[in-house]
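Biologist: I'd like to learn how to read a model like this one. Could you take me through it feature by feature?

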Amino acid sequence: QVQLVESGGGLVQAGGSLRLSCAASGSILSINAMGWHRQAPGKQREFVTVITSGGTTNYADSIKGRFTISRDNANNTVYLQMNSLKPEDTGVYYCFAQDTLHHWGQGTQVTVSS
């Protein structure tokens, strides 16, 4: 099993920045990708970004140019640097790790005030 622990959420004003972290533990050798989804109030969970074990990244159009995903392989951690935050970025951000299954973290709240 894979365990994921997120941190770094909080309250920030529009235009500000936050950095989320997601630390993986357990059966991590078979993980081939990690990333983030988010869920805004009253909306479905949506894809945000992913980084593969080879370092390839992909971003949702809504956050391109503002968010950056990176990984620290030594610490089995991925980071999401979020800049120029907007109120519509508000939501619960869920880290995921993919091997033969999709594993999820517990989520961390991000609130962007206008």
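Predicted model: local features only at pLDDT ≥ 70, side-chain atom pairs only at ≥ 80, totals over all residues.

Biologist: Let's start with strand 9. Is strand 9 largely enclosed or open, and why?

Modeller: A residue counts as buried when its relative accessible area is under 20%. Strand 9 covers residues 91-98, and six of its eight residues are buried, so the rest of the structure largely encloses it.

Biologist: And which way do strand 4 and strand 9 run, and how many bridges join them?

Modeller: They run antiparallel, with seven bridges joining strand 9 to strand 4, residues 33-39. To find your way around, look for Met 34, which stands opposite Ala 97 of strand 9.

Biologist: What about strand 11, how many bridges does strand 9 make there?

Modeller: Three bridges, again in an antiparallel arrangement, link strand 9 with strand 11, residues 108-113. The pair to click on is Tyr 93, opposite Thr 108 in strand 11.

Biologist: Then there's strand 10. What joins strand 9 to strand 10?

Modeller: A hairpin does, through three residues. Strand 10 takes in residues 102-104, and it runs antiparallel to strand 9 with three bridges between them. Phe 96 has Trp 104 of strand 10 as its bridge partner.

Biologist: On to cysteines. How many disulfides does the structure hold?

Modeller: There is one disulfide. It is formed by Cys 22 and Cys 95, whose sulfur atoms sit 1.9 Å apart. The angle about the S-S bond is -80°, which makes this link left-handed.

Biologist: Which parts does the pair tie together?

Modeller: Cys 22 belongs to strand 3 (residues 18-26) and Cys 95 to strand 9, so the pair ties together parts that lie 73 residues apart in sequence.

Biologist: Is Cys 95 buried or exposed?

Modeller: Cys 95 is buried, at 0% relative accessibility.

Biologist: Now backbone angles. Which phi does Asn 76 have?

Modeller: A positive one, about 55°, although Asn 76 is not a glycine. Asn 76 lies in the loop between strand 7 and strand 8. Its relative accessibility is 30%, so it counts as partly exposed.

Biologist: And where is Ser 84?

Modeller: Ser 84 is in the loop between strand 8 and strand 9. Here too phi is positive, about 50°, although the residue is not a glycine. At 41% relative accessibility, Ser 84 is partly exposed.

Biologist: Last one, pockets. How do you look for empty space?

Modeller: The idea is to roll a probe the size of a water molecule over the atoms, which shows where empty space is left. In this model, the largest pocket has a volume of about 190 Å³.

Biologist: Which residues line the largest pocket?

Modeller: Among them are Ala 24, Ile 28, Met 34, Arg 71, Asp 72 and Asn 76. Strand 7 (67-72) and strand 8 (77-82) are the elements that give two or more residues to that lining.

Biologist: How does the lining divide into nonpolar, polar and charged residues?

Modeller: The lining has six nonpolar, four polar and two charged residues. You've met two of the lining residues already: Met 34 and Asn 76. Met 34 was the one opposite Ala 97, and Asn 76 the one with the positive phi.

Notes. Residues numbered from 1 in each chain as written. Heavy atoms only, no water. Buried < 20%, exposed > 50% of the residue type's maximum accessible area, 1.4 Å probe, protein only. Helix = DSSP H or I, 4+ residues; strand = E, 2+ residues; numbered from the N terminus. Pairing = 2+ DSSP bridges. 1 Å grid on protein atoms, 1.4 Å probe; cavity = no way out; pocket = protein on both sides within 12 Å on 5 of 7 lines; lining within 4 Å. Points joined across faces, edges and corners; volume = space filled by probe spheres on them. Nonpolar A, V, L, I, M, F, W, Y, C, P; charged D, E, K, R; others polar. Disulfide = S-S within 2.5 Å.
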